[in-house]
Amino acid sequence: HVPIDLVAIERAMTGRPIQLNRWAKTEAIRRLHRQGLSDAKVGAVLGMTGDAVCAQRIRHPEDEQWAS
């Protein structure tokens, strides 16, 4: 189990530039998708491309938390 910095995730979700490890980034993507944001919008918030967000979701297909 890898500890996730929830404060860093919350800051990243507001668009503040912050370095996230891959687990925290996945969680931030998951949370933003739950809010109804598209891959492109999630990427804009997190400083990634929409394609990078999509690729992150594809790498974790077992996760049922992705918004449809």
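Mentor: A helix here is a DSSP run of H or I covering at least four residues, and helices are numbered from the N terminus. The model is predicted. The part I pick is helix 3, which spans residues 39-46.

Start with the setting. The chain has four helices and zero strands, in the order α-α-α-α from the N terminus on. Of its 68 residues, 34% are buried.

Now look at the inward side of helix 3. Its buried residues are D39, V42, G43 and L46. Because they cover an arc of only 100° around the axis, they lie on the same side of helix 3. The spacing follows a general rule: an α-helix has 3.6 residues a turn, so residues three or four places apart point the same way. Among the parts that cover the buried residues of helix 3 are helix 1 (6-13), helix 2 and helix 4.

The face turned away from that buried side carries the exposed residues A40, K41 and A44. Take A40: its relative accessibility is 51%, and the cut-off for exposed is over 50%, so A40 counts as exposed. From C-alpha to C-alpha, A40 is 7.7 Å from V53, which is 13 residues away in sequence. Just after helix 3 comes G47, with a positive phi of about 75°.

Helix 4 covers residues 50-59 and includes Q56. With a relative accessibility of 6%, Q56 counts as buried, because the limit is under 20%. Leaving out residues up to four places away in sequence, Q56 touches R22, T26 and I29. With T26 there is also a polar contact between the side chains, at 2.3 Å.

Helix 2 runs over residues 22-34 and holds W23. At 38% relative accessibility, W23 counts as partly exposed. Together with V2, I4 and L6, W23 makes a nonpolar surface patch of about 330 Å².

Counting contacts between residues at least 6 apart in sequence, 33% join residues at least 24 apart. The chain exposes about 4500 Å², and carbon and sulfur atoms supply 52% of that area.

To return to helix 3: D39, V42, G43 and L46 are its buried residues, and A40, K41 and A44 are the exposed ones on the face turned away.

Terms used: Residues are numbered from 1 along each chain as its sequence is written. This is a predicted model: local features need pLDDT of at least 70, side-chain atom pairs count only at pLDDT 80 or more; totals for chains, interfaces and linings use all residues. Side-chain values use heavy atoms; hydrogens and water are left out. Helices (H or I, at least four residues) and strands (E, at least two) are DSSP runs, numbered from the N terminus. Buried means under 20% relative accessible area, exposed over 50%, partly exposed in between (1.4 Å probe, protein chains only). Contact means heavy atoms within 4.5 Å. Accessible areas come from the Shrake-Rupley method with a 1.4 Å probe; for residues, only the protein chains shown count as cover. A polar contact is a pair of N or O atoms within 3.5 Å; within protein, one must be able to donate a hydrogen and the other to accept it, and residues adjacent in sequence count only if both atoms are side-chain atoms. Patches are made of residues with over 30% relative accessible area and no salt bridge: like charges are joined within 9 Å, nonpolar side chains (Val, Leu, Ile, Met, Phe, Trp, Tyr) within 5 Å. A salt bridge is a side-chain nitrogen of Lys or Arg within 4 Å of a carboxyl oxygen of Asp or Glu. The arc is that of the directions from the helix axis to the C-beta atoms.
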